[in-house]
Amino acid sequence: MIVLIALLDASRAAAEECVILLHGLARTEDAMQPMAEFLAAEGFDTANVGYPSREKSIEKLAPAAIERGLNQCAKADRVHFVTHSMGGILVRYYLGKKPLERLGHVVMLAPPNQGSEVVDRLRTVPGFDLINGPAGLQLGTGENSLPRQLGPVDYSVGIIAGSETFNPLLSQALPNPDDGKVSVDATRVEGMSDFLVVPHSHPFIMRAESVKRQTSFFLRNGRFDHDVAPSEDGVSRRSDTPQA
């Protein structure tokens, strides 16, 4: 009987807490699968949503991807988001238009919340638009930057930025420190709840074990675990008073 009750409690906990995972530009849901599996083992229900990131604008991608995730999380009492890169911009755009009553916490991994100078530098290179599509062209820092047109967040957001890169060429276009695609400062957004910098690169930050643990901790607590020793977690800087 005790075992049965425990199983029922675990099943209910999973149903109450559902996480929508959104990958970044030019990636697929496979990129977020290790994170999805980790969170599932932590007791969350998960909806790892793939979307055609290079085929449409952010304004069209966001509702299609997020509403598919919400349908998969229809039975959940609380819905969280875990995003990589452009996935965070999709969430900001969507929630700016349609506030979600059952919204829990949002963890953004390496989001270009202030755009990326890499897009500014490469947007006129032949083939850039073909490789990155309409949404990729919206991620710069100029007057047409969609991220910079979005307002502050008024919900619980934890941001994990990367400070390591294996692409020194792209890093030359960015204010350092950076992760090879986005500078640490450009990941910040006004209204965020907490902030971490970890020594990982943009393409692989979501696969780091320390990032997975911190993501789960934020989803449970609405903050990161700043008490973990840097040697254990790989956290290179903490932010006690988040800034925009």
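**Close-up views of a predicted model**

**View 1. Helix α4 is mostly covered, with 10 of its 12 residues buried.** The structure shown here and in the following views is a predicted model. The buried residues of α4 are M86, G87, G88, I89, L90, V91, R92, Y93, Y94 and L95. Among the elements that cover them are three strands, β1 (17–22), β3 (78–84) and β4 (103–109). The cover also includes the helices α3 (58–72) and α6 (128–137). Helix α4 runs over residues 86–97, and its end C-alpha atoms are 17 Å apart.

**View 2. A disulfide joins C18 to C73, with an S to S distance of 2.0 Å.** The pair links distant parts of the chain, 55 residues apart: C18 lies in strand β1, and C73 lies in the loop between α3 and β3. A search of the whole structure finds one disulfide. The link of C18 and C73 is left-handed, with -60 degrees about the S-S bond. C18 counts as buried because its relative accessibility is 1%, under the cut-off of 20%. C73 likewise counts as buried, at 1% relative accessibility.

**View 3. Helix α2 (residues 33–41) has the buried residues P34, M35, A36, F38 and L39.** The cover over these residues includes the strands β1, β2 (45–49), β3 and β4. Helix α8 (209–221) is also among the elements that cover the buried residues of α2. Just after α2, G43 takes a positive phi of about 105 degrees.

**View 4. T215 lies in helix α8.** At 0% relative accessibility, T215 counts as buried. Leaving aside residues up to four places away in sequence, T215 touches M35, L39, V82, V107, L109 and I160. V82 and T215 are 133 residues apart along the chain, yet their C-alpha atoms are separated by 7.8 Å.

**View 5. S171 lies in helix α7 (residues 168–171).** Is S171 buried or exposed? S171 counts as buried because its relative accessibility is 8%, and the cut-off for a buried residue is under 20%. Residues up to four places away in sequence aside, S171 touches T165, N176, D178 and G180.

Note on methods:
Residues numbered from 1 in each chain as written. Predicted model: local features only at pLDDT ≥ 70, side-chain atom pairs only at ≥ 80, totals over all residues. Heavy atoms only, no water. Helix = DSSP H or I, 4+ residues; strand = E, 2+ residues; numbered from the N terminus. Expected span 1.5 Å × (residues − 1). Buried < 20%, exposed > 50% of the residue type's maximum accessible area, 1.4 Å probe, protein only. Contact = heavy atoms within 4.5 Å. Disulfide = S-S within 2.5 Å.
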